[in-house]
Each structure stands twice: as C-alpha cells, then as structure tokens.
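Subject: Handing over the structure

Hello,

Please take over this structure from me. It is shown just below, and my notes come after it.

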Amino acid sequence: MDERHRVEFRCNGTLVSVDTAPGESLLSVLRERLGLRSVKDGCAPQGQCGCCTVLVDGAARVACVTPATRVAGREVTTVEGLAPSQRAELTDAFVATGGSQCGFCTPGILMRAAALHARETIDGPAVDRALAAHLCRCTGWRTVIDAIGAPRPPGPARRLDAAARRATLEGGVPQRVGPAVPLGEAGFADDGAPDGALVAVPLPAGSDATALDAVGMRWVVAPTLHEARGLAAKVQGRRSTRDDAAPLPLPVRPPGGVRLVTGWVEPAYLEPDASWCEPGGSPASPLANGGAFGAKVVSAAPAAARALADQLGRAVRVVYSREDVVRLGAKRPPIAATAHVADRTLDVAGTYIGGPIAWDPDPPVSNLTVEERWEAVRRPGPPTSPALRAFPLAERTVLREGAVTEAGLSRDALDRDERVAATRLLTVAATAGGALGGARVELAPATGALTRVEVRVAAGDPLDEVVLRSYCIGAAHMALGWVLTETIAVDPSSGEVLDLTIRSFGILRARSTPPIDVTIVDDPGPPRSRGGDSVFAAVAAATWEAVTAFAGTRPETFPARGTAAARAART
C-alpha cells in the first residue's frame, strides 16, 4: 500500500502538488521538495528556534512541527512570497539596526514581523510575545526589537563593505552585510548543495541502522534527509530532569579571595553543522557567514562529506540535527578556580576541562604583580574548545575583578585604560586583538532584576558603528546568560549530554533581556579586532559584581541561579 499522500496548496501564490512521505513536515516539503532555502532548519522537529517560521493563511506558523497534510488547500507564504515593498522595508530595517548578523534566524523573524505588521500590533508586549517563539543567538535581541518597531527615517549613508570588514573582525571568519543576509541568502553550506545529492546524518548511539564509517564516526546515508533521519532513528530532543551541577568541585577559598566553578554551556549557534562535497572536490565550509562563536572549528562535517563522497562516487550532503549539534559539538571548557590579592600580588589558580591551552598573559593590572597557574583535567563529557567566544578572557576577568573588589582596592587605580574608564564603569578588559570594553550592570533596587546594561567599547576605527554596536549587544546578552542562566545537564559517569532542546539551554529570551546601551569610544588608530569579546568579559564581570552587591554575598557558581537576577531572567 502506498502510504504517501498527495497534498495540494498554494505556495507564494502558485498552486503546488507534492507527494508527501508519512509524517513529513511542511518544513521538509518547502525546503527539500520545493527548494525554498530561506526556510531554515535550526531544531526540527523541536519547534523551539523559529527559524522555519512561515505564514499559513496569513498567520505565523513553525513549519517543522506543522504536518504537510495540514496545509492542504491553504496559502503558504515564505519571504520569497512577500510583496517586494514589504520585503524591502523589513530587510532595510534589519540592516539599518544591525538586527541580523549571520542571518540564519532572520527569515523566520521577518515572517513573524510581517504577521505583526499585518495585524498592526507592534507595541512592546506584542513584540515580546511574538519573539518568544524564536531564538537569535547573535544579536542580543535589542536590535531585532528595534527593527520590528515603527519605521524610522534613514540614517547616515553606510559603506557596507566597511561594515562587512567589522563583522569579519568580530566573527573571526569572512562575513557579509547587506539586504541578502536577513533574507537568509548568506551562502550557508547546506543551501548550496546540488540537487540529487545523497544525505548523510550521524548515527545516534544505540541505533542498529546500516551505516558507513568516515572520520572515526558512523553515518547513515539515504536519498533524502527525511529518509536518512528516519533510518537513523534520530534522537528526539528532550529536556532532562537531572542535576546540572558543575563537573568540577569548588576549590578551597583563599583568605579574602574568591572562588568560582562553571558548568557545561552550549554555544547554541543556530545553523547546525553541515557540508557537502563532490567526489574528489573541496567540501563546503560550515562557517559560511558566521564563526559559530568558535565552536565549529573542529566540526567533522566537511571531512565526512569529502570521505563519503569519495566512497560513494556521488555528491554527499552531511547534515546535523539540533540533537547532533548538542551531542557532538564543542562546549565552553568548565573551570574551577580561585583568585586573591596579597602583598600587591594577584594570584589566580584553577583547573579546566579540556586539552592544553596556550594561556597568553593579560596586560598588567595597575601596579599589581599577576601570577597564574592553570591545569588541564579530563572528565567525562562532550568535547570542549578554547576557541569559544572570549575564553579564557572572561573567566580570568571575572576572577580578577572579584579578587580586587574583595581586597578593597580602589577601582580607579586598577582601571586599565582611560578611554573606557571615564564613566566609572565597573570593569575593563582587554583582548588579544587590542579592543577594550567596559560595562556597568544595573539591577532593580527592590527585586534584583536586570534593568539596564551600559557598555563602552574602544576598538580603533569602528568601520561601521551599527555592526560594532550589534556585536557588542550580542556579546553582552551572551555574558548575562553565562553568569545567570545558561547551563546543560551532562551525566557525570558517561559524559552523555542530557539536555538536547533549545529551551533547555537557559538562553535569555527577548522579554528578559534588559536595554543594552553601547557607547563607541573615540579611539584613533586602525580597527582593533574582537571588541565583542572584550564586552563579553566586561559584562560578565560587572554582572557578578552587581549580583554580589545586591545580595550581599558572592555567588560561587555560574549560572548563579539562586540570585534574584537569575530568577527574574528565567521568568
């Protein structure tokens, strides 16, 4: 018996008829059958990232959890089907505010914005409710909210080539800036795969499916993504109820000093690892328009695509699911460390999970002598990467700022650069790229909830202030989450990652993200790289200090979930 169902519907104004497989989603039909690459697969079928949002009869719907049979006789609209004037208005707004960086999540957010505008409900609460269905890891939400809001007069003329240079400095890989990016046309690896390519997915643990060996892993290969995931018995995303305690024990606190342990943190980049390759060819890079915060540096996808294409003599797509990304992708190395000041010496000592790392010395802290000792240790768990955003800069900065505060030293004497210290911001950090960042985090006096983050950044010639500001806001958002809410559970015996859903990562949603004000300091000289990393470190340290001042005690674990700020951020 033929279990396939013929479904007819109108897509972007054109009647289409598709034979769907049992259980096939609207996302699969749009992307895999009709070739509409603007509809992105960030978590299918969790329905938690919003990247595949489309309009069904004018209402926003998440396509990965919408059965294809449900749209029979209905009208489906993707960004390609928006009226040209509306599409241009939305994309221009996102470019003007910096509301799109890598651009993977933005097509879905554009469709949500189109639905809001159609209902003429674009006030703050309506936008917050709408964005609850989405995740944007790059921008920190504030620029997205600005882009969705009321139309604004055009700003000063911008050089988008210079904007792309700043984005490349911040992201660590070549990046594009322009109207094509919010539309999802930034050249993501899986979007360029040739028609008819075989599809390979990682074999989940415990699956007995027929698989091929490549790059030390097992891969299920099939003619379509839907078939490959079905044969592999794809692991369904789940949120555990297990304890997500830090994998390293708290060290002994030094007299008058501080101690800190951090847990496993999922980078949560939205474009799952992907690549494709022709036999004997060069595989597509999984870093098409974003660096994945450093986490894709060791991705197996390109090498696997090349090896499998050579084995099979055909083009092969390698496509990770969200669950594959979480199980196999690199995490921020957890640490356990102490810091204290004695006899004008700042002493930092700690352990971290992972392999050897070259710990480059930081600039001196005023007239203090700095001593550091770090030891790499092994623990069961997912892979780690020292390339992740602001590691180890943020870890060292929070420890050092905490130590000098506990020692009662004058912060004015410890500020490292007057360019960012002029407004009495709480902390200053320097990156290897030369950029400097300062931050102040404000909490509500009555509740301890986040109310505002103030950032100053000195990065030489900004090249494009919109892009630099967007990256700094995104870094601040990520730092707030690292300190207050972000963690995943990992089985301490087997090292298996237990939290596999987007919502289990603890990432701050739009409604929980406070206003983040960025001042770009006049800093003569050539462009300095990684302004966002310096801001990440500064905001993390400032958040730790603000929470400590409010509570009267210093949290000793990240995330600092027992604090008022963390409780409020999770609501």
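What follows is a short tour, from the whole chain down to single elements.

This is a predicted model, where local features need pLDDT of at least 70, side-chain atom pairs count only at pLDDT 80 or more, and totals for chains, interfaces and linings use all residues. Residues are numbered from 1 along each chain as its sequence is written, and side-chain values use heavy atoms, with hydrogens and water left out.

**The whole chain**

The chain has 15 helices and 19 strands. These are DSSP runs, numbered from the N terminus: helices are H or I with at least four residues, strands are E with at least two. The radius of gyration is 24 Å, close to the 25 Å from the globule rule for 571 residues, so the chain is as compact as a globular protein of that length. (That radius is taken over C-alpha atoms; the rule is 2.2 Å times the number of residues to the power 0.38.) Along the principal axes, the C-alpha atoms fill a box of roughly 80 × 55 × 45 Å.

Of the 571 residues, 60% are buried. Buried means under 20% relative accessible area, exposed over 50%, and partly exposed in between, with a 1.4 Å probe and protein chains only. Take the contacts (heavy atoms within 4.5 Å) between residues at least 6 apart in sequence: 73% of them join residues at least 24 apart.

**The sheet with E1**

Strands E2-E1-E5-E3-E4 form an open sheet, in that order, with mixed pairing. Two strands pair if DSSP finds at least two bridges between them. Neighbouring strands are turned by 40° against each other on average, direction ignored. E1 (residues 5–11) runs antiparallel to E2, and 7 bridges join them. His5 has Thr20 as its bridge partner in E2.

Helix H1 (residues 26–33) packs on this sheet, touching E1, E2, E3 and E5, at about 105° to E2. Angles run from 0 to 180 degrees between N-to-C directions, with axes fitted to C-alpha atoms, for helices over the stretch in contact. Helix H3 (residues 106–119) packs on the sheet too, touching E3, E4 and E5, at about 35° to E3.

How enclosed is H1? In H1, 6 of the 8 residues are buried, so the helix is largely enclosed by the rest of the structure. Leu26 and Arg31 are among those buried residues. They pack against E1, E2, E3, E5 and H7. After H1 comes Gly35, with a positive phi near 70°.

**The sheet with E6**

Another open sheet of 5 strands has the order E7-E8-E6-E11-E10, again with mixed pairing. Its edge strands are E7 (212–214) and E10 (274–277). The twist averages 30° from one strand to the next. E6 (residues 198–202) and E11 (residues 316–319) run parallel, joined by 3 bridges. Val199 is partnered there by Arg317 of E11. Helix H7 (residues 225–232) lies across E6, E8 and E11, at about 35° to E6.

**The cores**

The largest nonpolar core has 134 residues, and Val318, Leu399 and Val539 have the most contacts inside it. Such a core is a set of buried Ala, Val, Leu, Ile, Met, Phe, Trp, Tyr and Cys residues joined through side-chain atoms within 4.5 Å. Beyond its neighbours within four places in sequence, Val539 is in contact with residues including Ala439, Val453 and Leu480. Apart from this core lies another of 21 residues, among them Leu36 and Val62.

Best wishes
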